[in-house]
Amino acid sequence: MKILLVTQHANALFTPLALLYLKAYLVAHGGVDAADVTIAEFDRAASADAISAAVVSAQPDVVGFSCYVWNIGVLAEAIRRIRAAWPQARIVMGGPEVGPVADAVLEGNPQVDVIVRSEGEVPFCDLVRCWRDGARLADVAGITWRDGDRVVQNADAPIVRDLNRVVSPHLAKFIEHAGRVICLETQRGCVFTCSFCFYNKDYSIRNRRFDLDRVKEELRFWLAQDVREIYLMDPVFNLNAARAKEICRFIAEHNHRRIPFHTEVWAEFIDDEMAELFARANFEFIEVGLQTSDHAVLEIVERRFKRLDFIEGIGFLKAHQLGFELQLIAGLPGETLDTFRASLDFAASFAPPHLSVFDLMILPGTELSRKAESLEIAYDPEPPYHVRSHPTMPAADISQVRDMSRMATTLWHFQTARLLARGAGGRYAGLVEEWLQWHGAPSTREETRTLLPEFVAHFCATRQLDTRFFTASAAVEARSDSP
């Protein structure tokens, strides 16, 4: 039986961790030869035609698609073409974009045979064995499938309580990894219940961890390879501070090649020792989710936030000169233009190396998607499910906040803009709005670099600021190829 596992990347440098897990589990527990399981990766620019042509040319018996918000549209179109050109293939979809809404996906996509609803390793392996052995699909837990004209939802798959049962995909060379970003988990799930996030899922066990010895073995392997970066994809890497520190000590001791690390953390759990260990281990990019600083909004989306601990944690990151990105979400329920401005100014006050603002997405399977109607949230029914309006932000305000988000992220790349905001009393939101009023639609980074000297003159004139320092800074950045 020939099995083809397919994904379309948001960033083709990243290794396809989900598909590697599926292959490793099939080989270890499904009686499948590694040569019979192929992983096909496509970059974000790949068309449905290109993907379908590659799949059909492989003539697989089973095709599994790893589906996310960024690829579902193209993959669904590719599947329609694959079914027409290679009707004998059994087509399976899995991933966070389809699992929580499996019934609707099957009803809307008659070309698809099965949706894997949960963590895929065990259900997908059971499904392949079922087809190979001629057994009943009704006995495979964790799937929704098509039985003629009926859509059938089987019982949920049991939670894999001991993650070490999930075979490591890292020690076997299933794909070319040289020069790539290696995606690796030390744990799964999240104990927090932020309603906009899919990390916490609906599992009775919200956080499970791989044994440290296994994590260290995987890290030791990758630290000896020619890779671009290692991305620890845990929802909150430092959820258990002592464990995170031990992992960092191990990396620092063995990272002789100084491979950069990337991860996501909770700022409130960072102390000076942890920040020092991040630096020693060569963590070059650390994502810190602030999302909002407004307590009323935080309560609505069920997100905890301890302001003083957060401020202290960010201080430790800055003290050790770590590269971190502070992140906001724009358009959360309960947010207003004023509370968004306050959150943006609060984030900018830390002068983080990187600042990003993302539009709220009402993702399938999240608590916010289930509460959208009661919270009177209108949002796009198709990916990426952007919010359209809610009671405290009508559509016009959402549009304004969306423009501000894009411009805030772009302007932050320029030191001149950050200095201007500080010179204007620390109101970064005001700087962003001034740019939009002056220029209109959000600018690209290249356009911003070109326009920056002119904007400096305009902004300084309206604020009665001495232009000489800012003009010199803007002139340097206008000539720079990489701000």
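The model is predicted, so local features need pLDDT of at least 70 and side-chain atom pairs count only at pLDDT 80 or more, while totals for chains, interfaces and linings use all residues. Residues are numbered from 1 along each chain as its sequence is written, and side-chain values use heavy atoms, with hydrogens and water left out. Helices (H or I, at least four residues) and strands (E, at least two) are DSSP runs, numbered from the N terminus.

**Sheet**

- Seven strands make an open sheet of mixed pairing, in the order E2-E1-E3-E4-E5-E6-E7; two strands pair if DSSP finds at least two bridges between them.
- Strand E2 (37–42) and strand E7 (150–153) are at the edges with a single partner strand each, so one side of each has no neighbour in the sheet.
- From one strand to the next, the twist averages 20°.
- E1 and E3 run parallel and are joined by five bridges; Val-6 stands opposite Phe-65 in E3.
- Helix H1 (residues 17–29) lies across E1, E2 and E3, at about 165° to E1. Axes are lines fitted to C-alpha atoms, for helices over the stretch in contact, and angles run from 0 to 180 degrees between N-to-C directions.

**Helix H3**

- H3 (residues 72–85) has 14 residues and reaches 20 Å from its first C-alpha to its last, close to the 20 Å expected at 1.5 Å a residue; the expected span is 1.5 Å times one less than the number of residues.
- Ile-72, Leu-75, Ala-76, Ala-78, Ile-79, Ile-82 and Arg-83 of H3 are buried (under 20% relative accessible area, with a 1.4 Å probe and protein chains only).
- These residues lie on the same side of H3 because they cover an arc of only 160° around the axis, taken from the directions from the helix axis to the C-beta atoms.
- Their cover includes strand E1 (3–8), helix H2 (48–58), strand E3 (62–66) and strand E4 (90–94).

**Ser-293**

- Ser-293 is in the loop between strand E13 (283–291) and helix H9 (295–300).
- Ser-293 is buried, at a relative accessible area of 8%.
- Apart from neighbours within four places in sequence, Ser-293 is in contact with Leu-298, Phe-305, Arg-307, Ala-342, Ser-343 and Phe-346; contact means heavy atoms within 4.5 Å.

**Helices H16 and H17**

- H16 (residues 445–463) and H17 (residues 468–479) pack at an angle of about 170°, with axes 8 Å apart.
- The two helices are therefore roughly antiparallel (angles over 145 degrees).
- Arg-449, Leu-452, Pro-453, Val-456 and Cys-460 of H16 make the contact with Phe-470, Thr-471, Ala-474, Glu-477 and Ala-478 of H17.

Notes
Buried < 20%, exposed > 50% of the residue type's maximum accessible area, 1.4 Å probe, protein only. Parallel < 35°, antiparallel > 145°, perpendicular 65-115°, else oblique.
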